[in-house]
Structures are given as C-alpha cells and as structure tokens.
Amino acid sequence: MADVSYKRHIAKTITWRVVGTIDTIILSWIITGDPLAGLKIGFAEVTTKSVLYYLHERVWYKINLSKDGVLLESRKRHIAKTITWRFIGTIDTMTLAWIISGNPLSALQIGFAEVVTKMILYYLHERVWYNIDFGLSKRNNK
C-alpha cells in the first residue's frame with residue numbers, strides 16, 4: 001500500500017474545495033436568481049466542506065479495501081468514495097442554502113442540482129489525483 005501523507009489529503013481537500021465552491025456559487029446564483037446568495041452559500045461551505053472532506057479522506061484511507069495486501073485504488077473505489085462524499089456534501093449544502101436563503105425549496109433545488117454536477121466533478125478530481133504522486137512515498141501500481 002502506498003504511504004499517503006497528511007500533506008496529500010490537505011492538498012486534495014484544497015483543490016476539491018476550489019472546484020466545489022465555484023460549482024456551488026454558480027448553481028446557487030442560477031437557482032436563487034441572486035448572485036449575493038450564491039456567494040454567501042458558496043463561501044459558507046468553504047469551512048464546513050473542508051473539514052468534512054478532510055475527515056472523509058481520512059476515513060477512506062483507513063478503510064482497508066485490499067487484495068493480497070495491495071490497496072485497491074480502482075475505479076470502483078473512486079465511485080464508492082464519490083457516492084459517500086456526495087451524500088455528505090449534499091446534506092451540508094442543503095442545510096446551508098436553507099439557512100442563508102431562508103427558502104427550503106431553493107435549498108432542495110440546489111442540493112439536487114449539485115448531486116449531478118458534483119458527482120461528475122468529484123469523480124474526475126479523484127481520477128486526476130490518482131495520477132499525481134504528490135504526498136506518496138511510493139506507489140504500488142496504477
């Protein structure tokens with residue numbers, strides 16, 4: 001199993017948060033019709049999502065999905081991580097959107113729109129990071 005450093009998880013957290021925040025701002029703006037609401041929702045997520053994403057990365061790192069001692073860094077693992085992260089992220093987004101916009105329907109619309117956009121973006125983010133060696137002392141295979 002490749003040794004994964006905390007630096008790698010922090011770097012993944014930051015890059016994903018940038019992508020995720022931009023997506024949230026755009027979707028929130030389109031759905032609410034209010035660019036300020038989009039910015040507020042997007043920037044409110046920066047803290048909550050960064051903490052939640054980092055914890056999600058650490059949990060997945062500790063989940064031993066291996067075969068003969070070799071960590072399975074496969075598309076199946078990335079799909080599973082995508083689904084678990086999207087569930088957590090959607091609940092967080094809908095909660096923040098409801099609090100900030102005061103409109104539960106807008107919060108649901110933003111949350112459901114993000115399910116599609118964020119799952120695609122997250123999967124692509126995982127695939128890019130799978131091909132980056134930053135924070136790895138060694139890699140068994142790709």
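In which hand does α2 pass α4? The crossing of α2 past α4 is right-handed. Here a crossing is right-handed if the near helix is turned clockwise from the far one by less than a right angle, and left-handed if anticlockwise.

This is a predicted model, in which local features need pLDDT of at least 70, side-chain atom pairs count only at pLDDT 80 or more, and totals for chains, interfaces and linings use all residues. Residues are numbered from 1 along each chain as its sequence is written, and side-chain values use heavy atoms, without hydrogens and water.

**Overall layout**

The protein has 4 helices and 2 strands. Their order from the N terminus is α-α-β-β-α-α. Helices (H or I, at least four residues) and strands (E, at least two) are DSSP runs, numbered from the N terminus.

Of the 142 residues, 38% are buried. Buried means under 20% relative accessible area, exposed over 50%, and partly exposed in between (1.4 Å probe, protein chains only). The protein exposes about 7800 Å², and carbon and sulfur atoms supply 72% of that area. Areas come from the Shrake-Rupley method with a 1.4 Å probe.

Contact means heavy atoms within 4.5 Å. Among contacts with a separation of 6 or more, 75% join residues 24 or more positions apart.

**Helix packing**

Axes are lines fitted to C-alpha atoms, for helices over the stretch in contact, and angles run from 0 to 180 degrees between N-to-C directions.

| Pair | Axis separation | Angle |
|---|---|---|
| α1 and α2 | 7 Å | about 150 degrees |
| α1 and α4 | within 9 Å | roughly 150 degrees |
| α2 and α4 | 15 Å | about 50 degrees |

Angles under 35 degrees count as roughly parallel, over 145 as roughly antiparallel, 65 to 115 as roughly perpendicular and the rest as oblique.

Take α2 (residues 35-62) and α4 first. Their angle makes them oblique to each other. From α2, the contact uses Ile41, Glu45, Tyr53, His56 and Glu57; from α4, Ile110, Glu114, Tyr122, His125 and Glu126. These residues divide into 4 nonpolar, 2 polar and 4 charged. Ala, Val, Leu, Ile, Met, Phe, Trp, Tyr, Cys and Pro count as nonpolar; Asp, Glu, Lys and Arg count as charged; the others, Gly among them, count as polar.

Next come α1 (residues 6-32) and α4 (residues 104-130). Helix α1 is roughly antiparallel to α4. Its crossing with α4 is right-handed. The contact holds 11 nonpolar, 9 polar and 6 charged residues.

Helices α1 and α2 are also roughly antiparallel to each other. They cross in a right-handed sense. Their contact residues comprise 14 nonpolar, 9 polar and 6 charged.

**Two buried residues**

Lys12 sits in helix α1. Is Lys12 buried or exposed? Lys12 counts as buried, because its relative accessibility is 5%. Beyond residues up to four places away in sequence, Lys12 touches Tyr53, Glu57, Lys81, His125, Glu126 and Trp129.

Ala97 belongs to helix α3 (residues 75-101). Ala97 has a relative accessible area of 0%, so Ala97 is buried. Leaving aside neighbours within four places in sequence, Ala97 contacts Ile41, Gly102, Ala107 and Ile110. Ala97 and Lys40 lie 57 residues apart in sequence, with 8.8 Å between their C-alpha atoms.
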